[in-house]
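Good morning, and thank you for coming.

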Amino acid sequence: MSVGLLAVVDDILSAALKASAKSAGVVIDDAAVTPQYVEGLSPARELPVVGRIALGSLANKFLIIIPLAMLLTAFAPWVLPWLLIVGGAYLCFEGAEKVLEWFGFHHGGHDEGGRDEKRLVLGAVRTDLILSTEIMLIGLSNIDPERDFWSRLAVLAVIALAMTALVYGTVALLVKLDDIGLRMARGDSPRVRHTGMRIVRSMPGVFRVISIIGTIAMLWVGGHLVIANLTEVGWHAPLDVLHAVEHFLEPAGPVVVWIGDTLVSAIAGLALGLVIVGIVLVIGKAFGKNLSFSEGHAAAVEH
């Protein structure tokens with residue numbers, strides 16, 4: 001490989017790393033949200049399903065998000081805030097559904113024999129589309145505008161590949177930790193066996209925590225997307241309230257400010273999500289359907 005080509009590759013990798021740094025929070029959210037979609041599957045199906053979701057994520061990025069982002073940035077940048085508002089509202093809807101599940105509000109039939117992998121993967125890929133859109137748009141906004149079209153495209157491609165590998169590599173490790181623990185529990189060393197058993201026993205609690213974090217992440221990211229982009233389209237009041245909370249908490253330090261920001265965004269996301277759930281249920285009733293709040297279970301059933 002020539003020195004000139006090495007320099008170009010190094011430049012693109014450095015730009016991708018710099019541009020993606022600010023999307024770290026969304027990457028963590030994406031990694032926290034995804035494991036709940038494989039919860040309850042048989043161990044043999046966990047990695048294949050994660051693989052299918054990862055392929056769907058790559059398709060989202062390369063077939064939808066990157067082409068659309070490049071086109072809209074060039075010809076209709078005013079559309080991007082509206083797309084992010086719609087995407088944020090969908091995340092709020094998903095998060096509100098999960099919260100309703102926690103409190104036992106289930107509508108429609110459930111397939112007690114197992115989860116429908118096709119619906120499950122489609123649901124995960126839909127959620128990934130929103131989170132990946134934010135990751136890629138944050139990356140795009142942090143690329144030097146002086147770069148030419150092909151250079152920006154190359155940087156976005158690197159971000160897409162790296163973030164997908166990071167998120168779904170982490171998810172694959174999380175969902176197989178119990179299998180790793182079982183293998184360790186069958187080892188020869190007492191210390192290794194003890195560690196393995198501790199891993200196995202802790203995994204149900206770990207996944208419960210991940211599910212809660214993932215749901216809060218949906219509400220937080222969704223709420224913040226809606227609040228921030230409503231300002232972009234002319235309604236400043238929600239963001240003014242958020243800034244007022246941040247200003248009030250400033251004397252307590254940046255960590256408390258971040259917690260307050262997250263909490264307000266999550267509460268706003270939950271409120272919006274519950275409103276959307278109510279609208280969807282009313283529309284469903286009008287068409288004679290009961291809608292399920294469990295992704296991957298039986299579809300809506302007609303009366």
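Is leucine 161 buried, partly exposed or exposed? Leucine 161 counts as partly exposed because its relative accessibility is 49%; buried means under 20% relative accessible area, exposed over 50%, and partly exposed in between, with a 1.4 Å probe and protein chains only.

This is a predicted model, in which local features need pLDDT of at least 70 and side-chain atom pairs count only at pLDDT 80 or more, while totals for chains, interfaces and linings use all residues. Residues are numbered from 1 along each chain as its sequence is written, and side-chain values use heavy atoms, with hydrogens and water left out.

Leucine 161 sits in helix 6, residues 149-185 (helices are DSSP runs of H or I, at least four residues, numbered from the N terminus). Together with Phe62, Leu63, Ile64, Leu68 and Leu83, Leu161 makes a nonpolar surface patch of about 550 Å².

Glutamate 117, by contrast, is buried, with a relative accessible area of 18%. Glutamate 117 lies in helix 5, residues 117-141. Leaving aside residues up to four places away in sequence, glutamate 117 touches Leu41, Arg45, Val49 and Arg52, where contact means heavy atoms within 4.5 Å.

Finally, His224, Ile227, Leu230 and Thr231 of helix 7 meet Pro238, Leu239 and Leu242 of helix 8.

Methods. Helices (H or I, at least four residues) and strands (E, at least two) are DSSP runs, numbered from the N terminus. Patches are made of residues with over 30% relative accessible area and no salt bridge: like charges are joined within 9 Å, nonpolar side chains (Val, Leu, Ile, Met, Phe, Trp, Tyr) within 5 Å. Accessible areas come from the Shrake-Rupley method with a 1.4 Å probe; for residues, only the protein chains shown count as cover. A salt bridge is a side-chain nitrogen of Lys or Arg within 4 Å of a carboxyl oxygen of Asp or Glu.
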